[in-house]
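Okay, thanks for coming, everyone.

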Amino acid sequence: MAKTLIKNGTVVSATGRAAADVLVDGETIAAVLAPGSTLLGFDLEANVDTVVDAAGKYVIPGGVDAHTHMELPFGGTNASDTFETGTRAAAWGGTTTIIDFAVQRYGERVQDGLAAWHEKAAGNCAIDYGFHQIIGGVDEDSLQAMDTLIDEGITSFKLFMAYPGVFYSDDAQILKAMQKSAETGLLTMMHAENGPAIDVLAEQLAAQGKTDPYYHGLARAWQMEEEATHRAIMLANLTGAPLYVVHVSAKQAVEQLAWARDRGQNVFGETCPQYLYLSLEEQLGASSEEWGAFEGAKWVCSTPLRSREEGHQHSMWQALRTNDLQMVSTDHCPFCMKGQKELGLGDFRKIPNGIGTIEHRMDLMYQGVVTGEITLERWVELTSTTPARMFGLYGQKGVIQPGADADIVVYDPAGHTSIGMGEGRTHHMNMDHSAWEGFEIDGHVDTVLSRGKVLVDDNQYLGAKGDGRYLKRGLSQYLV
Ligand code: DUC
Ligand code: ZN
Ligand code: ZN
């Protein structure tokens, strides 16, 4: 089995940093040693196959992105990244595990939805992957099927309070699914926006001729997120279900989570890089020769971008520091402008919702270290360790310690990354644009190992389709 020594680096964990060498034996980490150590008299450097010199660099556990949507059917099209292209882009950016969402919709069997997702992913992924289960149709059959999910290694399911007629669950359905969550230990994940009310507002805006992408954000007002978050919290409180709210973007929704947590409720939340960096004002101002004001469609996602002036971004960063929000995922759901986003030309309601970020999450969050928003350790905690703990992967993923999978990123704080597609820029997601065009990062993903195999080194891709394996996940470490 191939042995690799990563030497001279600073190993960073969620709880600290130390100068250390990391010895990888085959697919796992064999030892974390004082710099320059021998092991029982063996000169390590002379006895390994590969030496990676990480002098001046950070050695961190590979990123765990717990919220992705490869090939998601949405708005009459499918998310443009396949498991092959999306996971390769993830690896380029230092993410070595994803948890994607298998889909069940009303009238479909959960087992069939899950089987379809296995078929899409198997043999195609660059990195290891697990699944959550979307329950888009809560009925007797799907409730029963949820009993079998844990055996399949799926320990969390997602419900939608938005998208009536597509993925939407009403309160009665949510209550029943949460009772199942409380009974089984499955973690309830919630898309918390009041979909029926949003649809009325969207219809009224469209009837007034307000059809540009910007109005997507106006229709999805923060009150809709706050209200749904509160309702989800109360239903979870009533049933005893553990609750995880996805893609939190409104400061008022964070206040709801903080309130519930302060009362001792087992409630968690993630935000995404787009809610930390991008705003409704920029979307309003967006215009191009090719698309005019429809340029703003590049940033149509749900929950939507929020107003910078209202202080939502500031509140998200703050909540990441105070642990009112515990993790950062991407909600990676890319669509091209040509042929996909343009389905909504003249009617923002028809724009497929989603932004592609999987390649940039580690970099964008590192920039938060540079600007002083979070510490180096918190960067690792938010992007790798907590996602692994939250979703039953910790020990194998999310940490550099003996016995863990050798998913390791060597990150250069003296390096630089220019994000986008323009001159001198590149990304590897299957998109014809970048929602992150022009972002500059004061750091660089130098080397990426996935289970001991070097996937990325020195701006070269060395991995192959099918390197990734399905991960059967355990229960969340945050269950009480
Ligand atoms: N939000 C998005 O932006 N895309 C897919 C689904 C979702 O909830
Ligand atoms: Zn969602
Ligand atoms: Zn999502």
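The zinc ion (ligand 2) has an irregular site, with angles of 82 to 130° among its four donor atoms. Before I go on, keep in mind that this is a predicted model.

Which protein atoms hold the zinc ion (ligand 2)? They are Lys158 through NZ, His191 through ND1 and His247 through NE2, at 2.1 to 2.6 Å from the ion. Along the chain, those donors of the zinc ion (ligand 2) follow the spacing K-x32-H-x55-H. The two histidines link distant parts of the chain: His191 is in strand β12, residues 187-191, while His247 is in the loop between β13 (243-245) and α9 (251-262), and 56 residues separate them. His191 and His247 are both buried.

Okay, next ion. The zinc ion (ligand 3) sits 3.6 Å from the zinc ion (ligand 2). What are the protein donors of the zinc ion (ligand 3)? Here we have His67 (NE2), His69 (NE2) and Asp331 (OD), lying 2.0 to 2.2 Å from the zinc ion (ligand 3). The sequence spacing for the zinc ion (ligand 3) reads H-x1-H-x261-D. His69 is in the loop between β6 (63-68) and β7 (73-74), and Asp331 is in the loop between β15 (327-328) and α13 (361-370), so this pair ties together parts that are 262 residues apart in sequence. Buried or exposed, these two? His69 counts as buried because its relative accessibility is 4%, and Asp331 counts as buried too, at 8%.

Helix α8, residues 222-239, packs with α9 at an angle of about 20°, and their axes are 8 Å apart. That angle makes α8 roughly parallel to α9. The crossing of α8 and α9 is right-handed. If you want to find the contact on screen, look on the α8 side for residues including Trp222, Glu225, His230 and Met234, and on the α9 side for residues including Gln252, Leu257 and Trp259.

Moving to another part of the chain: Val456. Val456 is in strand β20, residues 453-457, and Val456 counts as buried because its relative accessibility is 1%. Setting aside neighbours within four places in sequence, Val456 is in contact with Ala91, Trp92, Asp446, Thr447, Val448 and Tyr461. For a sense of scale, the C-alpha atoms of Val456 and Gly344 are separated by 37 Å, and those residues are 112 apart along the chain.

Where is the cis peptide bond? That one runs from Ser302 to Thr303, with omega near 0°. Thr303 is in the loop between α11 (280-285) and α12 (312-322).

Then there are two positive phi values to look at. Asn8, which is not a glycine, has phi near 70°. Asn8 lies in strand β1, residues 3-12, and at 37% relative accessibility Asn8 counts as partly exposed. Tyr163 has a positive phi of about 60°, and Tyr163 isn't a glycine either. Tyr163 lies in the loop between β11 (156-160) and α5 (171-184), and Tyr163 is buried, with a relative accessible area of 13%.

That's my tour, so over to you for questions.

Definitions and conventions. Residues are numbered from 1 along each chain as its sequence is written. Chains are lettered from A and ligands numbered from 1 in the order in which they are written. This is a predicted model: local features need pLDDT of at least 70, side-chain atom pairs count only at pLDDT 80 or more; totals for chains, interfaces and linings use all residues. Side-chain values use heavy atoms; hydrogens and water are left out. Donors are N, O and S atoms within 2.8 Å of the metal (3.2 Å for Na, K and Ca); water is not among the atoms, so sites may look incomplete. Four donors count as tetrahedral if all angles lie between 85 and 135 degrees; four count as square planar and six as octahedral if opposite donors are over 155 degrees apart and all others between 65 and 115; anything else is irregular. Helices (H or I, at least four residues) and strands (E, at least two) are DSSP runs, numbered from the N terminus. Buried means under 20% relative accessible area, exposed over 50%, partly exposed in between (1.4 Å probe, protein chains only). Axes are lines fitted to C-alpha atoms, for helices over the stretch in contact, and angles run from 0 to 180 degrees between N-to-C directions. Angles under 35 degrees count as roughly parallel, over 145 as roughly antiparallel, 65 to 115 as roughly perpendicular and the rest as oblique. A crossing is left-handed if the near helix is turned anticlockwise from the far one by less than a right angle, and right-handed if clockwise. Contact means heavy atoms within 4.5 Å.
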